Amino acid sequence: MRILGINAIFHDPSAALVVDGRVVAAAEEERFSRRKHGKRPVPFSAWETPDLVARWCLAEAGLEPGDLDAVAYSYDPRLVQPSPNGGPAGAAAPAERRPGAASGNGYDPAWEDLRTHYARRAPRFLATALPGLDPGVVRFVPHHLAHAASAALAAPEPGRGDVLVLDGRGEAHSHLAGTYEDGGFTAFAAQRLPHSLGLMYEELTEHLGFLRSSDEYKVMALASYGEPRFLDELREHVRATADGGFTVAPIDWGALAKPRTPADGDRWTDEQADLAASVQARLEEVLLELAFWTHGRSGATRLTLAGGVALNCVANSRLAQDGPYREIWVQPAAGDAGTALGAALHLAREAGEPIEPMPGADLGRRWSDDELAAHLDTARVPYERPADLAAAVAEALARDQIVAWFQGRSEFGPRALGHRSLLAHPGNPANLERLNAVKGRERFRPIAPMVALRHAAEIFEGPLPSPYMLFVHRVGPGWRDRIPAAVHVDGTSRVQTVDPGDEPLVTALLEAFRERTGLPVLINTSLNTAGRPMVDDPRDALECFGSAPVDLLALGPYVVRRAEVFA
C-alpha cells in the first residue's frame, strides 16, 4: 500500500511516503522552498500545502500521484468546534483567549472557521498540486493521533508501549496520552483547549522577545542562566489534574518580568532568565505527573514521545531520570513535521500492513558523486577528492578549522545529525562564540557534541544511546576542561551518539580526530545561518560556504578549501 502523509495545517509543512509499511522518504517543505518553517502558523496560511516535498517523495519512489492508495492529512476538521457565535473569522473572542490569538498564532475560537474552511478543502488543494491525484483518496487523520503514531509506530519494535503527545494545539486538544498494544492504540486522556503547555511555552517565548512557534529552544537555553524563583507562582497557574490532564490559567507575564524585545540582542535581565528557568521547571514537574498517571494505567516499560514539547531535551532527560519508564524513545521529527509520517503510518497500520521501524532520521534528498561534482564544476571552484576523506577532514578540524559537512541523505526534523552539519574542535573554548558568530546566533546558546557510541559513557552521564540529540547529559568532571566548547553553562551537553553500524563515515571521522587530538568528540551544529533553513542541496551548501567564514566544505567525497577559493 502506497501512502503519502501530509502536514500542512499549522507550521513546518512536510510530506512522508510509506510503502508497504516501510518509510521511504520524509522531509520538510522549508528545505525545498528555503522559507524558514515553511510558513507561519496562522489560519490564513492553512491553504498552503507542501507541494515541492510531496512531489519529491513521489519521485524518490518512482511513483505518480495516481499510483497512491491513500493520502493521509494530519488534521481532521470534523473535530473542530465551531466558533461560539457561529460567526465569521475575526468575531469577538471569548474571555479566555490567549496572547497572540489576535494574529491566529495562539488559540482563539474566532479564527477556527477560516482554518477549518481551508482544511476541509485540502483534498482539492492537493489534487491541484499533484495532477492525477484522486481527491477521494485523501483521508483526514486526527492531529494528535498522527503525532502518537509518529512515535509509537516509528520506534524500534513498533506499536508497543505508552505514548504521550504534548504540543501547542490540535483540532480541539493540546495533549494525548494512551498506549499501543499489538499495534492498536487505546487513548487514556486528552486535554481540551484552551489549556496547553505548548501554548504556555510559546507565550513565554514571545514575551522574551523571540519568535513563537519557532524559537522555544532559545528559551530552554536561556533557562540555564536563571534560577526558578517564580516557581511557586507558576504552580498556582499550571496544575496537573486527577484525570490525566492539566489546567493552565492565563499568566500575566509582565508582572513577573518585563518583556524582552528583539532589539535587546544578546542582553537579558536576571528576572527574564529566572522566568525562563521557572517555566522550564514547572513544565518538567507537570510532565512527570502526566507520565506517572499514564504509567499507572498501563504498567508499560516504554514511553514514546511526540509533539513540539517533546523537542525539549531538558524535560526529556528529567523524564528519563525521574519518571517511571525504563525506556524513552522520542520521535526525531517530534514537531508538526513528524505528523506527516505519523498520519501515513497510522493508515498503514489500519490497513493491516506490517510496520517497519523508522530506519533513521536521514530520510531526505541525496545526490550521487557525479551530481555533486557537476555542481562544483558549475560553481567553478577548485576541489579535490582525497583518498581518505575522514582523515583529510579530521586534519583540518585538528588544526581548529571550521568544516561544513554535507553527506548522504538530509535529516528529517530540526537536528543536524552528521549529514548537514557544521563541525569544529571541542577543545577550544572560543569555538562556542566563534560558531555562534558564524551562524548569527545569540551568544547564550550552546552547541552540541557528537561522540562515538563506544566512548559516550566515559564522558557523558545520561540516557544512552542518544542518536537523535533529544536528551541532555551531564559532562563528567574530568572532561569539562577538555571539551569546553561542548559544555553549556549548567555543565550539560545535548549529545548525539554515533553508532558505526548506522553512520560509518561519521564514526571514521570521529576516530581520525581522536587519533590526532585524543578527543573522541566533535562539535556539531546545523549547516545554516540564522533565519535560514538547514542546508539541503549542493547549491545551498555552496552558498553557505561562500557567505560564511567556513574553512573547508566536505561535499560528499570532495573537499573545497576556503584558502584556495579565495586565494
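Modeller: Two strands pair if DSSP finds at least two bridges between them, and strands (E, at least two residues) and helices (H or I, at least four) are DSSP runs numbered from the N terminus. This is a predicted model, where local features need pLDDT of at least 70, side-chain atom pairs count only at pLDDT 80 or more, and totals for chains, interfaces and linings use all residues. Residues are numbered from 1 along each chain as its sequence is written, and side-chain values use heavy atoms, with hydrogens and water left out.

Biologist: OK, what stands opposite Gly5?

Modeller: Ala16 in S2. Strand S1 (residues 2–7) pairs with S2 in the antiparallel sense, over six bridges.

Biologist: And which residue in the turn between S1 and S2 has a positive phi?

Modeller: Asp12, at about 50°, in a hairpin with six residues between the strands.

Biologist: How many bridges join S2 to S3?

Modeller: Six, and S2 runs antiparallel to S3 (residues 22–28). Ser14 is opposite Glu28 there.

Biologist: Is S2 enclosed or open?

Modeller: Six of the six residues of S2 (residues 14–19) are buried, so the strand is largely enclosed by the rest of the structure. Buried means under 20% relative accessible area with a 1.4 Å probe, protein chains only.

Biologist: Switching to helices: which residues of H13 meet H18?

Modeller: Leu372, His375, Leu376 and Ala379 in H13 meet Pro538, Arg539 and Leu542 in H18, where contact means heavy atoms within 4.5 Å.

Note on methods: Buried < 20%, exposed > 50% of the residue type's maximum accessible area, 1.4 Å probe, protein only.
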